[in-house]
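Work through the exercises below with the sequence and the model side by side. Each task is followed by a solution in steps.

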Amino acid sequence: MTAKPAALSHLKVLDLSRVLAGPWCTQMLADLGADVVKVERPGAGDDTRHWGPPFLKDAQGNDTTEATYFTACNRNKRAITLDMAQPEGQALILKMAAQSDVLVENFKVGGLKQYGLDYESLKAVNPRLIYCSVTGFGQHGPYAERAGYDLMIQAMSGLMSITGHADGEPGGGPMRMGVALVDVLTGIYACSAILAAVEVRHRTGEGQHIDMALLDVGMAVLANQAAGFLNTGRVPQRQGNTHPSLAPYQTFETLDGSMLLAVGNDGQFARFCDAAGHPEWAKDARFASNTLRVKHRDVLIPTLQAVTRTRSTAQWIALLEDKAVPCGPINDMGQAFADGQVQARGLRVDQAVTSSQPTAGAVTSIATVASPLRLMATPPVLRRPPPALGEHTDEVLAELGLDATQVARLRQRGVV
C-alpha cells in the first residue's frame, strides 16, 4: 500500500529563525510534512545547540557538547550552514526563497534589509512567498527595535504578576512559568497564521507578510484574566494554585502527598461531596453554587482539606474516576512520562541517529515529545531526528544546482 502524503508535503519552508519561537513554528510545519530547511551560522549554529546543561549523551552515557534544548524544536528539518553576511550567501538564500512557499525569520526589525532579504526584496522575486517575522515587539511601535525574550515578555505582559503565591505567603512574589511559554505559544500562533496565509494564497495567488510579536501573544494568552481586568478595571492578583473564578479548583493535601481537584460546575461539586461522604456540603447555603463557593472560599477549602487528608492520592483518584469529577496526581516529569495514558498515546518518540548524521560525541538516538496534532488521515510523520550542524548542506546546495567543486569553493571561503 502506498503511503498517503503528509498534510503539508507540498510546502517548502525556509527557516531563518533561531532559539525557540520560530523553530517551534517550523517544527510544527515539518511534523506535518513540510520540507523545512534550517539555515544556521557556519561553525556556531543556533544558540540553543550550546544552551546546556543538560547535554545529549553518547553511547557510553557521557555528556556530549550538544545541548538537549536544540532537540525540542528542530526535528524533521534539514540543516545547512550559510554565512548571509557574504554576498554569495545572500545570493543562495535569495535562490532558496525564490523556490520556497514560506520563510520564517526572527531577526531584529529591519535586520535582513541590509542583506536584501527583507520581505519587499523577496516579494519581488517570489510574489507567492509567505514571509513570517517573529520579533519581541512587532514591526512598529516605540519598542519595535528592542530585542525581546520570553522572560522579559512574561514580566511585561503581566503574566508573572498572576503567577506564583500571593504577597505575604511563603515564597510569595511574581514567578515565571516553568517553560518559555510565550515563545512556544508564539510559535503555535505563527503556524496558524502561516496556514491561514496559505489558504488566502489559494484564492489570490499572492503571499503576504506576517508580523508576529511575543508581546502580542503574551497579552493575548492572559485570556480570562485579561477579560476580567478589561471589563471591571480590577487588577488580578497572584493566588498560587487556586482559581480566581472557580472553587474548589486547586491542589489539596492528601494522606501521602497532594492531588489536584478541578471542580468546574455544581454537578461535579455535588458528586464530589457524595463520594467524600458529605452530601450536606452541596446543600449548604454557602456552597450551593460556584459563585457562592468562590465567595466563601476561606471556609470551603479548610473544610474540604480536613477530609482530603484522610485518603491517599491514589485512593481519591480511584474514588472519583467513575464519577466525572476531575481529579489527578501532581506528577514530576519522570512520573508524567511513566503514566499509562502518556505511554498509550506514544508521547515519547525515540529517533536513531545514523552514522551519516554526525553529532558531537557520537549520539546514537534522540528522544523528543510526539506531536499532539493527531490528524487521522494525514498524521504527523517522523522523517529525521534533529539535525547535526550543517548536516544537509551539500544535499540542499546540490538541489540548487551547485556541483561538488562549487560547494567546496564556497566552503573554503567560509560561505558555507
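**Exercise 1. Classify Asp266 by its accessibility, then describe its salt bridge with Arg293.**

Step 1. Asp266 has a relative accessibility of 36%, so Asp266 counts as partly exposed. The classes are buried (under 20% relative accessible area), exposed (over 50%) and partly exposed (in between), with a 1.4 Å probe and protein chains only.

Step 2. Arg293 has a relative accessible area of 1% and is therefore buried.

Step 3. The side chains of Asp266 and Arg293 meet in a salt bridge, at 3.0 Å from N to O. A salt bridge is a side-chain nitrogen of Lys or Arg within 4 Å of a carboxyl oxygen of Asp or Glu.

Step 4. Helices (H or I, at least four residues) and strands (E, at least two) are DSSP runs, numbered from the N terminus.

A note on the source: this is a predicted model, in which local features need pLDDT of at least 70 and side-chain atom pairs count only at pLDDT 80 or more, while totals for chains, interfaces and linings use all residues. Residues are numbered from 1 along each chain as its sequence is written, and side-chain values use heavy atoms, with hydrogens and water left out.

**Exercise 2. Which parts of the chain does the salt bridge between Arg78 and Asp35 link?**

Step 1. The closest N and O atoms of Arg78 and Asp35 are 2.9 Å apart, and the two residues form a salt bridge.

Step 2. Arg78 is in strand S5 and Asp35 in strand S2 (residues 35-40); the pair links distant parts of the chain, 43 residues apart.

Step 3. Arg78 counts as buried because its relative accessibility is 4%. Asp35 also counts as buried, at 19%.

Step 4. Both residues belong to a network of salt bridges that links Lys12, Asp35, Arg78, Glu395 and Glu399. The structure holds 20 salt bridges.

**Exercise 3. Find the salt bridge of Asp394 and state where each partner lies.**

Step 1. Asp394 meets Arg411 in a salt bridge between side chains, at 2.9 Å from N to O.

Step 2. Asp394 is in helix H15 (residues 393-399) and Arg411 in helix H16 (residues 404-412), so this pair ties together parts 17 residues apart in sequence.

Step 3. Asp394 counts as partly exposed at 43% relative accessibility. Arg411 counts as partly exposed at 40%.

Step 4. Side chains of opposite charge can pair when their charged atoms come close.

**Exercise 4. Check the length of helix H2 and locate its buried residues.**

Step 1. Helix H2 (residues 87-98) has 12 residues and, at 1.5 Å a residue, should span 16 Å. The expected span is 1.5 Å times one less than the number of residues.

Step 2. The end C-alpha atoms of H2 are 16 Å apart, which agrees.

Step 3. The buried residues in H2 are Gly89, Gln90, Leu92, Ile93, Met96 and Ala97.

Step 4. Down the axis of H2, these buried residues fall within an arc of 160°, so they line one face of the helix. The arc is that of the directions from the helix axis to the C-beta atoms.

Step 5. An α-helix has 3.6 residues a turn, so residues three or four places apart point the same way.
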